[in-house]
Amino acid sequence: MSARIEAGPMPAGGQSPRLRPQSLMLTYLGNYVLGRGIAVFSGSFIDTFAGLGVGEHAVRSTLTRMVGRGLLERHREGRRMHFGLTPRSEEILHDGEERVWRRGVLNTDWDGNWTVLAFSMPESWQRVRHDLRARLTWAGFGSLGNGTWIAPSRVDVRPIVSGLGLNGHLKVFAGPAEEPTDVPHMLREAFDLDGLAGGYRAFLDRWDRADPLPHAPDDLARYLWMTTEWLQLVRADPRLPVEHLPEGWPAVRGQHVLLELRDRYEATARSLADAAIEYVQVS
């Protein structure tokens, strides 16, 4: 499981994060639309995302794709099109909010248990296998190969595999690792710790400085870039027990920087977002 920043818009000058428009859109929705019962005018998205280096065509394409994926729904008011959240997108946004601002990157209260999941299914079930792997990765599992996955805690896998029709194809166990298990080796086999650490160090290179992203147009752009990048990192992070992390784990400093910059950017970013948004109430 490697931590990477997805390809997408990048403002000129400096080493900036490269992020997909949909990733930035979800961050925007989570910060300025979630919980308000509103649908946002398409022109507001276009104006705001211009400051992020995302053109009108890319914004409209992103909105259309998100509607097709059940992440947004259209609301027409006269000749204007507005876009509001769906139950599915609200669930995703609440999960992102939890991971970024509440859970923290360190697992300091581990009880010593692991969850082990093994699956076996016909070769023709390629789509189901892909969906299961994506869900397990999202839930913090790492692969040991041959259909065996582990997570550093007791995990209720029932909601993870719900709807995949895998009864009879899964085996799940939970408990401590027993001798002679080489736990450090097992973790490096299951999780790309070097890739994850590299992602956190790249975050620090960009943000742990007096004037981060100086070429960004304003604090709204900085706030959206920063929180989008951080969310991608923590979604790839299985939150391994602190006693099993390498010394000097860079996520610790990264989280400290994130919280400091939130205090610096958040109020101005919200003022800019509120000034630019046009919306209608939908609930």
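**Reading the features**

Reply: Helix 1 and helix 2 are roughly perpendicular to each other. Keep in mind that this is a predicted model.

Me: At what angle do helix 1 and helix 2 pack, and how far apart are their axes?

Reply: Start with the general idea. A pair of packed helices is described by two values, the angle between the axes and the distance between them. Here, helix 1 (residues 21-32) and helix 2 (residues 42-50) pack at about 110°, and their axes are 12 Å apart. Angles of 65 to 115 degrees count as roughly perpendicular, so the pair falls in that class. The crossing of helix 1 and helix 2 is right-handed. Helix 1 makes the contact with P21, L24, M25, Y28 and L29. Helix 2 brings F45, T48 and F49. By class, this contact has seven nonpolar residues, one polar and no charged ones.

Me: Is the crossing of helix 8 and helix 10 left-handed or right-handed, and which residues make the contact?

Reply: Again, use the angle and the distance between the axes. For helix 8 (residues 193-207) and helix 10, the axes come within 9 Å and cross at roughly 35°. The crossing is left-handed. From helix 8 come Y200, F203, L204 and W207. Helix 10 supplies A251, R253, G254, V257, L258, L261 and Y265. The classes in this contact are nine nonpolar, one polar and one charged.

Me: What angle and axis distance describe helix 9 and helix 10?

Reply: The angle is about 145°, with the axes 8 Å apart. Helix 9 passes helix 10 in a left-handed crossing. Eleven nonpolar, three polar and five charged residues make up the contact of helix 9 with helix 10.

Me: How many cavities of 30 Å³ or more does the structure hold?

Reply: One. About 60 Å³ of space lies in the largest cavity. Its lining is R99, R103, G104, V105, Y200, V234, D237 and R239. By class, that lining divides into three nonpolar, one polar and four charged residues.

Me: Last, the backbone. Which residues does a cis peptide bond join, and where does N146 lie?

Reply: Most peptide bonds are trans, and most residues other than glycine have a negative phi. A cis peptide bond joins E179 and P180, with omega about 5°. P180 sits in the loop between strand 7 (170-175) and helix 7 (183-190). N146 is not a glycine, yet its phi is positive, about 55°. Look for N146 in the loop between strand 5 (142-145) and strand 6 (148-151).

How values were computed
Residues are numbered from 1 along each chain as its sequence is written. This is a predicted model: local features need pLDDT of at least 70, side-chain atom pairs count only at pLDDT 80 or more; totals for chains, interfaces and linings use all residues. Side-chain values use heavy atoms; hydrogens and water are left out. Axes are lines fitted to C-alpha atoms, for helices over the stretch in contact, and angles run from 0 to 180 degrees between N-to-C directions. Helices (H or I, at least four residues) and strands (E, at least two) are DSSP runs, numbered from the N terminus. Angles under 35 degrees count as roughly parallel, over 145 as roughly antiparallel, 65 to 115 as roughly perpendicular and the rest as oblique. A crossing is left-handed if the near helix is turned anticlockwise from the far one by less than a right angle, and right-handed if clockwise. Contact means heavy atoms within 4.5 Å. Ala, Val, Leu, Ile, Met, Phe, Trp, Tyr, Cys and Pro count as nonpolar, Asp, Glu, Lys and Arg as charged, and the others, Gly among them, as polar. On a 1 Å grid over the protein atoms alone, a cavity is a set of points where a 1.4 Å probe fits but cannot get out, and a pocket is an open set with protein on both sides within 12 Å along at least five of seven lines; lining residues have an atom within 4 Å of a point. Grid points are joined across faces, edges and corners, and a volume is the space filled by probe spheres set on the points.
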